[in-house]
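Good morning, everyone. Today I want to walk you through one interface between two chains. Please look at the screen.

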Amino acid sequence: MIKEYLQIYKLNIVVLGRFNPAIIQPFWLANKKLIREQEAQSADIQIIHNDIVSYKIGWAEINVTKDRIQIGTAQEGLFDSLKDLILGILSFLKETPVMAFGINHLRYYTIPDENRYYQIGNRLAPLSLWKGELVDPRMNRLEIIQAKRIDNKAGSYRVTISRPDIPMPNYSILVNINDHFELINNETITEVIDVIEKGFNNSISTSEEIINTLWNNLNL
Amino acid sequence: MNQFGLIDPNIAEIALIGTGGGYGESCVIHLGNNEWMIIDSCRDPITKSILPIEYLKEINVPLENVKLILCTHWHDDHIRGLSKILKECTNADFSFAKANDLKKFLLLISLDYEKINRDSSLSSTLEFTDCLEILKRRNSHPYFASQDRMLWSKEVNAQKCEVFTLTPSDITLQKFDEEISTLISEYGPPNRKIIANTPNSKSVVSFIKFGHHRVLLGADLEISADLNEGWDNILINCKSIDMKASLFKIPHHGSENSYHREIWAKMLSQNPIAALTPWNKKNGLPELQMLQKFQTHTDKLYITSPKVNLKPKKRHRSVEKLIKQLNQKLTEVKFVKGVIQCRIKIDDPNDEWKVSPLYSAMKIDSY
Amino acid sequence: MSNSCTSTNDTEQSSVPIDADILSLDNDYSEFNNGNTGSINDNVANENLDELNEAAISTEELIPVKAQKITEKVKNYIHSTQRIKDNDYFLSIQKWKGVITSISDETFEAQLEDLINSDTYEIGEFELKEVSPGDLELFKMGAAFYWSVGYANNHNQREKKSIIRFQRLPSWTEDELDKASDRRNDLFDFLS
């Protein structure tokens, strides 16, 4: 089972809309009781500006630009707290137009042996097709899209398999699943909050099923 | 006729359904003439099936024959699945204990209902509110349970069959009004879940008359310091008790603070059938000393399932090991289904109860 | 799979005068403004980080903010520096949601819903010192918390970990209170 090779599971929630980044600062979050006071005090701030804020509060990273909020954590035990945090932020931005949101599941695996590692790439994209003009081709990145959601909501799934974007042991891969929700009916923030709340756990379990199915089908 | 066969219209039945103590309990009652009553509800946490409905289906009773549903407590822990029962039992009247300050009580449950949009796991009164919404859609008004309130009266084979509620008393209702304010301020915020206090004086006790036979269903009623509440109030002030009961559902899992010697002396016949459900949490109920006490009153003592040793939930070895290494104390609240089915002829004053312990239910012989 | 790649994006980085004023960042967001809700990290996954380092402007130099313009590269750099740090990750092997049911001097008890296998529930006993100081304001009867056990990476050292974090939900909004009030009034009219 691929789960035994899992090293890191990071969750990023992205909301696209029209935001005022300067509002969503650590002390604003603490003031609204969305994070601990101490977390605001010890926030690791990279930039606070009218057009972009970027900081860490220990367990979560927060990045806000005028059209995007992204919060993420690599602490699997706090994924529900992450969901509460984004819902809490949105609940204070009732007049904000929101166009889409995505729940991104970044799973980093370390495959125990070189053979199996290269087999994965070879099975996903048979390298024999590329030999000839290319010498010793290797798969670098693969992206698969499902344009329709299985829950009949507007949106899509995008699965990307690539090398990790962080330092990892050899023979590691990143499987990134973007669970994308399109908001096409001028949904209010309240409705958006409801969709995130109801879809969150399902998103996690669906992303796991996608990977398990792939792994079973790879038949290594 | 076996215990799962069609019941004779002249046979009264009381089926006490237990779940081991963490998942509620319920009573399914045949009032005669194929008309049925359900008190509270409980649900199998694994299959999610609603146990009173499951029981009625097992004995081939159509749900449209359920004519009365009594809700003894508004907290979800006591009535899990009740709204589904009400929805499917389209001919049933609904009864619950009304609050004097109805508006304030409805604010409590309405705020609690809003938690659905934030985090539904923090709501504790969803079932009750859903029941009220169903009644509203049907334009079917509830019957309010209170001391000496008659909810049902019909003749079966020229014998009167009646259902009375004996609680809550007027004083209890007044005190509850004060309690509601505290509940709203303490548990009103969206990130707090209402914790149900048991036993309590608001729990609805019922007294059922089948011809010459009487049944006392004790719910979770406690002994109160105030004689105008709890069991003392019933003993002193209730008018609808005309005869001693031969079947007793022991209140609140046989706990010490719901035991009253005078109940056995004045309200129950000699050597009655006594049934109880266990509570498999903490130190567990009933305690051994209480079982011994009950056995001084009757040798026909039944329990829906035996007390179980409290253990952690079975998990993958690596998970169990880590939990142990982190020195964490966990115990599983096990689900154990048991039914104590009791039947008696309504028109025969000399008939005796036929008791069938089903599933994990058993007779307690000696301790 | 290859362990190295070169991006085909324009690798030229215009230097930003540090003491110029910021005008607008809108033009730099086109790459991100395409409705893509993938993590920003997606877009730098294939960037050659060395390349960015050469052109990078230290994030410290941006505070206080006086730069003329923050270019896309700088923005990318900010995000690329937010890599998962050595002590940043925690894989849980079991998760629960708890509600406090009793509190005593040094311990508290909670009803626990297993979030992996939600059939039967459990009762857990915890020590008060397991509650983080920042959560004490939330520590009350009926309060909800998340509890997770698993393995964390602490500066390349694997260690067993148990995390308790209390659930934080904003107070009721006026809308929600109005809704509750409307429901109350409807039910009251019906029942009376």
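**Where chain C meets chain B**

Start with one pair: Glu332(B) has Glu122(C), in strand 3 of chain C, as its bridge partner. Strand 14 of chain B, residues 329–332, runs antiparallel to strand 3 of chain C, and four bridges join them. Strands pair if DSSP finds at least two bridges between them. Strands (E, at least two residues) and helices (H or I, at least four) are DSSP runs, numbered from the N terminus.

A word on the source: this is a predicted model, where local features need pLDDT of at least 70 and side-chain atom pairs count only at pLDDT 80 or more, while totals for chains, interfaces and linings use all residues. Residues are numbered from 1 along each chain as its sequence is written, chains are lettered from A and ligands numbered from 1 in the order written, and side-chain values use heavy atoms, leaving out hydrogens and water.

Now the whole interface. In chain C, 56 residues are in contact with 55 residues of chain B; contact means heavy atoms within 4.5 Å. About 4,900 Å² is buried between the chains, and carbon and sulfur atoms give 61% of that. Buried area is the accessible area (1.4 Å probe) lost when two parts are put together, summed over both.

Next, charges. How many salt bridges does the rule find across the interface of chain C and chain B? Eight. The rule wants a side-chain nitrogen of Lys or Arg within 4 Å of a carboxyl oxygen of Asp or Glu. Asp119(C) and Lys313(B) form a salt bridge, at 2.9 Å, N to O.
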